[in-house]
Amino acid sequence: IEVGGTVGDIESSVFLEALRQFQFRVGPSNFCLTFVSLVPIMGEEQKTKPTQHGVRDLRSVGLSPTVIFCRCKEVLEESTKNKIASFCHVDGPSCVLS
């Protein structure tokens, strides 16, 4: 199941609620939530705040991603992966560059 758009958009709220309920019906071993996020580069630094804010918004509706796919013009630095993993509560290997 794919939910497009921004997590905070009112249009997607009914779909996010359906996913939230669905995860309890099928159980954690049958539910994998992925999150796709842009990691912009400003100056020389890869910025993680957009990803952190998106995951925070997702968690506020009762959903927590299992895997985070990051879009970036460059390969993600290890420190960027670790920062996203730490602040978004996923394992480091679960931050994948796409």
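**Figure 1. Helices H2 and H3 are roughly parallel to each other.** Angles under 35 degrees count as roughly parallel, over 145 as roughly antiparallel, 65 to 115 as roughly perpendicular and the rest as oblique. The model is predicted: local features need pLDDT of at least 70, side-chain atom pairs count only at pLDDT 80 or more, and totals for chains, interfaces and linings use all residues. Residues are numbered from 1 along each chain as its sequence is written, and side-chain values use heavy atoms, with hydrogens and water left out. The axes of H2 (residues 49–60) and H3 (residues 78–88) cross at roughly 20° and come within 10 Å. These axes are lines fitted to C-alpha atoms, for helices over the stretch in contact, and angles run from 0 to 180 degrees between N-to-C directions. The crossing is right-handed, meaning that the near helix is turned clockwise from the far one by less than a right angle.

**Figure 2. Residues of H2 meet residues of H3.** On the H2 side are Thr 51, Gln 52 and Val 55; on the H3 side are Lys 83, Ile 84, Phe 87 and Cys 88. Contact means heavy atoms within 4.5 Å. Four residues of this contact are nonpolar, two are polar and one is charged. Ala, Val, Leu, Ile, Met, Phe, Trp, Tyr, Cys and Pro count as nonpolar, Asp, Glu, Lys and Arg as charged, and the others, Gly among them, as polar.

**Figure 3. Lys 83 lies in helix H3.** Its relative accessible area is 37%, so Lys 83 is partly exposed (buried is under 20%, exposed over 50%, partly exposed in between, with a 1.4 Å probe and protein chains only). Not counting residues up to four places away in sequence, Lys 83 touches Thr 48 and Gln 52.

**Figure 4. The largest nonpolar core has 17 residues.** Such a core is a set of buried Ala, Val, Leu, Ile, Met, Phe, Trp, Tyr and Cys residues joined through side-chain atoms within 4.5 Å. Val 39, Leu 58, Leu 63, Ile 68, Cys 70 and Ile 84 touch the most other members. Helix H1 (13–26), H2, strand S4 (67–71) and H3 each give two or more residues. Helices (H or I, at least four residues) and strands (E, at least two) are DSSP runs, numbered from the N terminus. H3 supplies the largest share, three residues.
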